[in-house]
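Here's a quick look at how the side chains pack in this one. Have the viewer open while you read.

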Amino acid sequence: MGTRDAFRILASGIAVLCIAGVGSIVRLWLQSYDMKPEGTNCSYCLGRQVGVQRTYPHSLLVVVKTGPHYFARRIVTRRLWFQRCNSRQFGFNPSARSAGADSQEAAELQGVENMLSRIRVQCIFLTGHPEDTSVMAKLQAEVKQHQDVFVAPIPDRYSQMTSKSLWSIQWAVTQEELYDYIMLVDDDTYIVLEKLVLWILLQPRVRFYAGHEQPLANRGLIYCRDQPKYQNCVANSLLFPGGVYPPFASGFAYVMSRDVASTIIFEALAKSGLALPGNIEDAMMGTLLNRTGISLTNEIGFYHWLEEKAKCNSTISIMVVGNAPISSLTKMATNDRLGRPLCHGLEHEPMF
């Protein structure tokens with residue numbers, strides 16, 4: 001055995017030890033955190049939305065990942081689409097439907113409304129615990145006012161992003177209401193609720209994991225970038241073929257069936273000593289599921305604004321647009337309300 005081979009084996013061994021350390025951290029993430037937010041209880045955080053007995057054939061939980069200090073962003077998100085979710089103010093206006101619609105169109109729209117009535121959609125904000133006491137005081141006031149913000153007992157830092165998402169999934173699968181689907185989205189995302197609901201009703205209820213697939217170039221070392229917050233990537237690259245992670249959905253929006261959510265938690269707890277993408281949340285979800293034979297459904301209706309802005313205006317199948325500036329999200333909401341293509345007039349909008 002040559003010196004080069006010996007060095008390669010040594011490097012791989014070091015990588016395994018590094019990943020085992022990461023795996024231990026993952027296990028601690030889930031085993032050490034209480035299932036209730038610090039200083040509150042579930043009913044306080046979500047008000048009447050928690051513990052409701054099941055009255056719909058289908059149910060979807062949308063978890064909006066946010067930071068504790070993003071107060072303005074949450075205000076805009078509520079106004080654009082979030083409040084309609086919990087109040088069930090989605091569907092078609094009956095008076096608008098009857099105006100100028102023939103009997104066939106009216107019947108088709110009524111059929112769509114009947115489908116929309118078959119699913120319960122609940123939306124919550126999820127944030128970590130702020131380190132600034134003044135931010136915490138303001139956040140507690142927001143929780144009391146809106147009863148839609150969930151404060152996880154996890155420090156809200158970039159390095160804890162994966163643990164925050166895992167915690168939210170674990171919380172969701174342990175609730176009294178058995179959600180059929182759990183969706184995680186960023187707070188710079190716009191959702192066309194009607195399209196999302198109609199789409200989800202047609203999807204499998206088991207072994208389902210869907211979102212915007214990260215391009216191959218973004219699943220290798222180029223995605224890791226040489227920055228401290230991606231410190232686990234180099235070690236991981238030694239343990240994945242070609243230094244590329246398995247296919248995974250971009251973190252701005254992805255949805256999974258309940259059994260898949262449970263699988264993620266089991267895999268993170270029971271097999272966390274294997275190679276994991278550390279604090280890269282979306283890559284970690286895809287890697288855990290890939291090891292159990294659950295593959296990603298690449299959904300074209302999930303649009304990544306930074307990558308696909310040029311194609312946005314020419315497509316009518318868009319359900320979700322993520323990583324967009326607030327000004328663009330506001331214009332999307334106006335287009336949605338007026339029945340225009342979602343990205344109409346946004347050709348010259350800034351990328352950030």
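Skipping neighbours within four places in sequence, Val62 is in contact (heavy atoms within 4.5 Å) with Trp81, Val121, Gln122, Cys123, Ile124, Met183, Val185 and Ile191. This is a predicted model, where local features need pLDDT of at least 70 and side-chain atom pairs pLDDT 80 or more, while totals for chains, interfaces and linings use all residues. Numbering runs from 1 along each chain as its sequence is written, and side-chain values use heavy atoms, leaving out hydrogens and water.

Val62 is also one of the residues touching the most other members of the largest nonpolar core, along with Trp81, Met183, Val255 and Phe302. That core has 51 residues; the term covers buried Ala, Val, Leu, Ile, Met, Phe, Trp, Tyr and Cys joined through side-chain atoms within 4.5 Å, with buried being under 20% relative accessible area for a 1.4 Å probe, protein chains only. A second, separate core of 35 residues includes Ile124, Tyr209, Ile280 and Met285.

On to the rings: there are 7 aromatic pairs, with Phe, Tyr or Trp (six-membered ring) centres within 6.5 Å. Phe82 and Phe125 are stacked (planes under 30 degrees apart), because their centres are 4.2 Å apart and their planes at 15°.

| Residue | Relative accessibility |
|---|---|
| Phe82 | 1% |
| Phe125 | 0% |

Ring pairs also link Tyr181, Trp199, Phe208 and Phe302 into a cluster.

Methods:
Buried < 20%, exposed > 50% of the residue type's maximum accessible area, 1.4 Å probe, protein only. Phe/Tyr/Trp six-rings, centres within 6.5 Å; stacked < 30°, edge-to-face > 60°.
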